[in-house]
Amino acid sequence: FPVTIAVASGGLNIDFNSIGFNAKDATTGNSDYHSPSDPSIPTGSDISDLKTDIGIGALMKSEAYLLGIALQNILSPSYQLSNTEYNTPMNLNLLGIYNIKTINSLYLIQPSVLAKTDFTRWQVELGSTVQYKEKYWGGLGYRFQDALIFQLGMQLSNGLTIGYAFDLPVSSMIYSSIGSHELSLSYSFKIEFSKKQTYKSIRHL
């Protein structure tokens, strides 16, 4: 019988987040969901606030699947933007990915599901990516009642990976003509704690 070996790992991240708002160029749109006199819209000139936050996560990975869990915004910082305070509640992310290899093994199809909660409401995201030679990938996704997701990426040499994602809003409560863009850059390397064994000849000490 085939044996599936899973590898577990964990991590800690420290974030330095800056949130800004350009009030003079802000538009409220034309719909029943927007109002120019909304008190939650900051007023004044360009404003911003910088806060620090932390997160932790764990991952279990095998040739067939990947399962992840992460707790973010543990410090739950509050950003002060003029007359408005923007709160970032702690949230929990659950990720599941299944690997489907094609017959020629050049392509890897990875359907995925991502569930997020701030312990008040849930948000679910379904998607799928296609990898080519485990080096290039592209994918599509849908975040329910929120946005369509497009992503591309490639693995460079020496453990360096670069990726790009674009969110196209589909919700009537989001007014944006350009969507949101995300560029990621990561570097991975092995950490070896054990020393390499050396051997000496009994004739040449």
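How many residues lie between β7 and β8 in their hairpin, and which residue in the turn has a positive phi?

Tutor: This is a predicted model, and what follows should be read with that in mind. The hairpin of β7 and β8 has five residues between its strands, and the turn residue with a positive phi is Ser105, at about 65°.

Strand β7 covers residues 100-101, and two bridges join it to β8, with the strands running antiparallel. Within this pairing, Lys101 stands opposite Leu108 of β8.

Strand β8 has other partners too. Strand β6, residues 91-98, is joined to β8 by six bridges, and this pair is antiparallel. Here Leu94 has Ala115 in β8 as its bridge partner. Then comes β9, which runs antiparallel to β8 and is joined to it by 11 bridges. Leu108, the residue that stands opposite Lys101, also stands opposite Gln131 in β9.

Tyr107 and Tyr132 form an aromatic pair, with 5.1 Å from centre to centre and 45° between the planes, and the pair is tilted. Tyr107 belongs to β8 (residues 107-117) and Tyr132 to β9 (residues 122-132), so the pair ties together parts that are 25 residues apart in sequence. Tyr107 has a relative accessibility of 37% and counts as partly exposed. Tyr132 has a relative accessible area of 28%, so Tyr132 is partly exposed too.

The structure holds three aromatic pairs, and one of them is made by Phe150 and Phe166. This pair is stacked, at 6.2 Å centre to centre with 25° between the planes. Phe150 sits in strand β11 (residues 147-155) and Phe166 in strand β12 (residues 160-169), 16 residues apart, and the pair links distant parts of the chain. Phe150 is partly exposed at 34% relative accessibility. Phe166 has 17%, and because buried means under 20%, Phe166 counts as buried.

Now return to β9 and look at Glu125, which is found in that strand. Glu125 has a relative accessible area of 19%, which is under the 20% limit, so Glu125 is buried. The side chain of Glu125 makes a polar contact of 3.2 Å with the side chain of Arg143. With neighbours within four places in sequence left aside, the residues in contact with Glu125 include Ser112, Val113, Leu114 and Lys116. Tyr142, Arg143 and Ile149 are also among the contacts of Glu125.

Asp167, in strand β12, has its side chain joined to that of Arg143 by a polar contact of 3.0 Å. Asp167 counts as buried, at 16% relative accessibility. Leaving out neighbours within four places in sequence, Asp167 is in contact with residues including Arg143, Ala147, Leu148 and Ile149. Gly179 and Ser180 are also among the contacts of Asp167.

For a contrast, turn to an earlier part of the chain. Strand β1, residues 7-21, is hardly covered, since zero of its 15 residues count as buried. β1 runs antiparallel to strand β2 (residues 47-61), and 15 bridges join the two. In this pairing, Asn17 has Lys51 in β2 as its bridge partner.

Gly55 lies in β2 and has a relative accessible area of 1%, so Gly55 is buried. The C-alpha atoms of Gly55 and Ala70 are 7.2 Å from each other, although the residues are 15 apart along the chain. Apart from neighbours within four places in sequence, Gly55 is in contact with residues including Gly11, Leu12 and Asn13. Leu71, Gln72 and Ile74 are also among the contacts of Gly55.

Definitions and conventions
Residues numbered from 1 in each chain as written. Predicted model: local features only at pLDDT ≥ 70, side-chain atom pairs only at ≥ 80, totals over all residues. Heavy atoms only, no water. Buried < 20%, exposed > 50% of the residue type's maximum accessible area, 1.4 Å probe, protein only. Helix = DSSP H or I, 4+ residues; strand = E, 2+ residues; numbered from the N terminus. Pairing = 2+ DSSP bridges. Phe/Tyr/Trp six-rings, centres within 6.5 Å; stacked < 30°, edge-to-face > 60°. Polar contact = N/O pair within 3.5 Å; in protein donor to acceptor, adjacent residues only side chain to side chain. Contact = heavy atoms within 4.5 Å.
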